[in-house]
Amino acid sequence: MEIPASGDQIMELTGDKLKELTNAIEDEEDDDEELDETLVERLIGLTEMFPDSVRNAVCSAGSFSWKAMQWSFSFSKSAMWVAVSAGTILVLPVMFENERAQMLDQQKQQEKQILLGPHSAMSGPGMVPPGMLPPGMVPHPHQWHPPPASS
Amino acid sequence: ANPSQPSSLTPPPSTDVPPELKIPNVFKEEVSNNPGTFEELHRKCKELFPQTFEGGRFLVSKGLSSHFQVSHTLTMSQLSPQDSGYKFGATYIGTKQYSPSEAYPVLMGDIDPSLNLNAHIIHAFSKKVRTKLQSSVQEGKFMGQGSVDYLGDDFSTTLTLGNIDLLNKTGVIVGHYLQRVTSSVALGAELVYQRGPRVPGGEITVLSLASKITGENWLFTANVCPSAVAAHCCYYHKVNEQLHIGAELESSLMTRESVGKGCYQLEIPGGNAMFRGSIDTNWTVEAVLEKKLMPLPFTLQLSGTANFANIQKSQYRFGIGLVLG
């Protein structure tokens with residue numbers, strides 16, 4: 001409805017014409033509220049402000065990073081499994097045998113120390129700790145007991 | 001048989017020969033000059049590779065006298081049921097001794113209940129001339145091979161005849177020559193002539209060249225075949241008394257295959273154990289642990305191999321063996 005521009009027709013905006021005008025304005029406002037968009041639709045509508053290339057670039061970057069994360073997780077799973085099982089086959093027995101050999105050595109040294117007295121296991125000269133041997137006594141080699149059977 | 005690899009006719013280096021009978025190739029007086037035979041070019045590196053097996057293995061070996069030894073082997077394997085079973089082996093070492101660690105003649109054989117027989121005879125007529133005869137009967141088929149080695153002052157030559165069938169005119173003739181050029185370099189060549197029904201064109205001749213470079217505690221050997229564009233290189237390094245490492249590269253452009261393999265051998269003296277491990281480019285990892293259970297003369301062998309070529313379907317195989325005597 002055209003609103004007349006000239007001043008002398010302003011007086012005609014009374015009565016029926018005024019009612020029609022306010023009704024029309026209210027109708028437009030009602031139309032606005034009935035559109036009822038959801039939040040997602042409004043957000044999607046916001047993206048329309050970006051150009052096509054920006055939208056496509058962001059979409060492919062997002063899907064690429066998601067796929068890359070999935071791939072790197074499964075790759076690190078496989079790589080960790082390969083490394084651990086190869087290590088079990090290649091390296092574990094050697095480590096166990098080395099430790100066992102060291103422990104046997106230690107055990108033998110300890111037994112030697114117990115049997116022959118502290119002199120045998122010590123390398124420095126004149127290192128008799130006080131009170132270990134009664135004065136004048138030297139451990140007699142023939143009094144060894146056979147060592148306990150080591151498994 | 002692949003003509004460019006005639007050495008597949010020779011027996012595998014360590015499985016059949018008991019360790020104390022292993023005959024070192026170099027006599028003591030010529031240790032500085034004779035480069036060894038062509039067949040033993042890659043042996044030092046190949047000895048470091050783990051000999052894996054699958055399933056169970058039980059070997060009892062008994063010495064009946066200082067010259068004669070008898071062995072019984074039981075193999076229980078799921079992957080190769082044709083190899084499973086009982087094998088009886090006998091070894092005789094003769095009385096002619098050229099050096100404390102070698103004695104000739106050496107006669108070795110083994111037979112199983114299906115009458116599959118393998119037999120070797122190694123004899124040295126003099127310090128310079130050695131002969132070797134091998135024969136095997138598998139499922140009724142006879143295969144024989146004989147070779148003569150001449151070990152000179154700084155060179156060695158070998159002539160090998162295999163599967164000679166005069167009626168059908170088939171067989172393999174192989175000639176080797178290895179010459180020491182400088183104190184650390186030896187060069188050699190191998191010529192193979194093969195004639196047979198499966199050979200394309202009826203007969204084929206292949207030439208390949210070899211070199212052996214020795215360092216202070218390392219050894220590099222290479223075998224190149226120009227006609228098949230194939231190369232086989234081995235490197236051996238002795239890090240210390242207990243650790244030896246080796247690497248091998250085998251590649252052939254004709255069959256478009258290339259395999260690299262790295263291995264190490266570690267001896268744990270305090271634990272009476274010997275460990276060999278290897279990893280190769282076919283995504284395979286192998287290892288063998290041999291442990292002597294003192295004070296009884298038992299050796300326990302544990303072998304494991306893993307193949308990761310197809311990560312969804314990786315294969316693992318383990319074996320356990322016990323050697324008595």
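Let me begin with chain A of this predicted model, where helix H3 (residues 52–90) and helix H4 (residues 92–116) pack at an angle of about 45° with their axes 4 Å apart. Axes here are lines fitted to C-alpha atoms, for helices over the stretch in contact, and angles run from 0 to 180 degrees between N-to-C directions. Helices (H or I, at least four residues) and strands (E, at least two) are DSSP runs, numbered from the N terminus. H3(A) and H4(A) are therefore oblique to each other, the class left after under 35 degrees (roughly parallel), over 145 (roughly antiparallel) and 65 to 115 (roughly perpendicular). Gly87(A), Thr88(A), Ile89(A) and Leu90(A) of H3(A) meet Leu92(A), Pro93(A) and Val94(A) of H4(A), contact meaning heavy atoms within 4.5 Å.

I turn now to the interface. Chain B contributes 22 residues and chain A 13 residues. Which residues form the salt bridge? Glu97(A) pairs with Lys291(B), the closest N and O atoms being 2.9 Å apart; the rule asks for a side-chain nitrogen of Lys or Arg within 4 Å of a carboxyl oxygen of Asp or Glu. On the side of chain B that touches chain A, S17(B) supplies the largest share, 5 residues.

Finally, the conventions. Residues are numbered from 1 along each chain as written, while chains are lettered from A and ligands numbered from 1 in written order. Local features need pLDDT of at least 70, side-chain atom pairs count only at pLDDT 80 or more, totals for chains, interfaces and linings use all residues, and side-chain values use heavy atoms, without hydrogens and water.
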